[in-house]
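Dear colleague,

I am passing a structure on to you, together with a summary of what was found in it. Please look at it before reading the notes below.

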Amino acid sequence: MTSTIATKESRALSFVEWRDRVRDEYVALDIEADGTGVFRGALATFEMGSTSLGDLAHEALRVRRTPDLIDAADVGLYKVSVQLEGYSAVEQDGRETVVGPADITVYDTTRPFTITTNDSARALILGCPRDRFGLSDEIVRAVTATRISGRTGLGSGTAAYLVGVERALDADGARTSAQLEAAVLGVLRSTITLHAEGLGVSADDGRLATLRSWVEAHLADPDLGVQRIANAHFMSVRQVQRVFRQGGTTVTDWIRSRRLDHCRIELECAADGVVVRDVAVRWGIQDAAHFSHLFRQVFGRSPSEYRLEHLTADETGRGRNDA
């Protein structure tokens with residue numbers, strides 16, 4: 001994805017316009033309006049790296065993600081909803097919860113879900129690829145379609161934080177960075193992990209989220225490794241390695257993947273004249289040749305080729321807009 005681009009509508013959308021925009025921004029959905037009155041909808045979306053944040057307002061409707069709509073080839077999204085106005089019923093994995101203003105809930109687009117509102121409603125919807133969210137599938141499954149109160153405890157701060165991020169993006173219309181995405185996801189991981197622990201999720205699942213969040217904040221350190229992580233969390237190296245293995249990866253692979261992802265995002269957004277090696281160094285990779293090799297291995301082209309490709313695309317887009 002490219003840098004943050006606001007797509008806020010200055011006019012009310014018809015049901016068909018609103019439905020198609022939601023499908024384009026997220027995943028294939030079966031959306032049915034109440035049909036008893038004139039539908040009015042509005043939609044604002046922003047991108048933060050691979051994560052999107054949308055402000056959705058609408059009349060009464062029913063949204064379903066059915067087995068037929070779930071594409072096995074799609075990596076899928078974890079979606080986090082902060083209810084701003086009205087009430088919504090969210091159903092997934094045999095659970096159903098009703099959320100009201102400020103409440104938070106989580107659901108997974110790789111499994112069927114249903115969202116129903118009986119009146120007008122508005123919500124912030126964050127969509128993040130499952131492999132970038134930083135929480136194990138076990139911990140997310142434990143919290144789907146449960147209510148995290150946005151009026152008490154850590155949830156209240158998290159809801160207010162996400163509202164503040166959306167307002168800032170809407171007001172500034174500015175590019176955002178991978179650092180903002182990391183910050184937003186870090187806040188959500190902490191809140192969701194604490195909620196999951198209250199539901200009886202194992203300690204290792206909570207530890208994985210904590211360790212990944214800490215690693216994310218220290219990626220720029222070229223000496224980052226399993227020993228440093230263990231020391232910072234009063235764990236043994238073997239314990240750290242075990243927790244990461246339970247999350248389906250190794251410590252080394254996780255660090256490398258996150259660094260390359262941040263470099264990729266920065267190369268997409270960087271201005272002409274950026275020095276590729278400087279991007280790598282900013283994310284803790286000191287060896288330019290090694291960085292180029294790893295980047296090509298994962299993304300199919302060198303960092304320079306990748307940057308040039310996106311720079312050309314940006315210039316082409318500007319040319320069309322200026323014509």
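The order β1-β4-β9-β6-β7 describes an open sheet of 5 strands with antiparallel pairing. Strands here are DSSP runs of E with at least two residues, helices are runs of H or I with at least four, and both are numbered from the N terminus; two strands pair if DSSP finds at least two bridges between them. Because β1 (30-33) and β7 (95-99) stand at the edges with a single partner strand each, one side of each has no neighbour in the sheet.

This is a predicted model, in which local features need pLDDT of at least 70 and side-chain atom pairs count only at pLDDT 80 or more, while totals for chains, interfaces and linings use all residues. Residues are numbered from 1 along each chain as its sequence is written, and side-chain values use heavy atoms, leaving out hydrogens and water.

Strand β6 (residues 88-92) runs antiparallel to β7 and is joined to it by 5 bridges. Within this pair, Ser-88 stands opposite Val-99 of β7.

Yours sincerely
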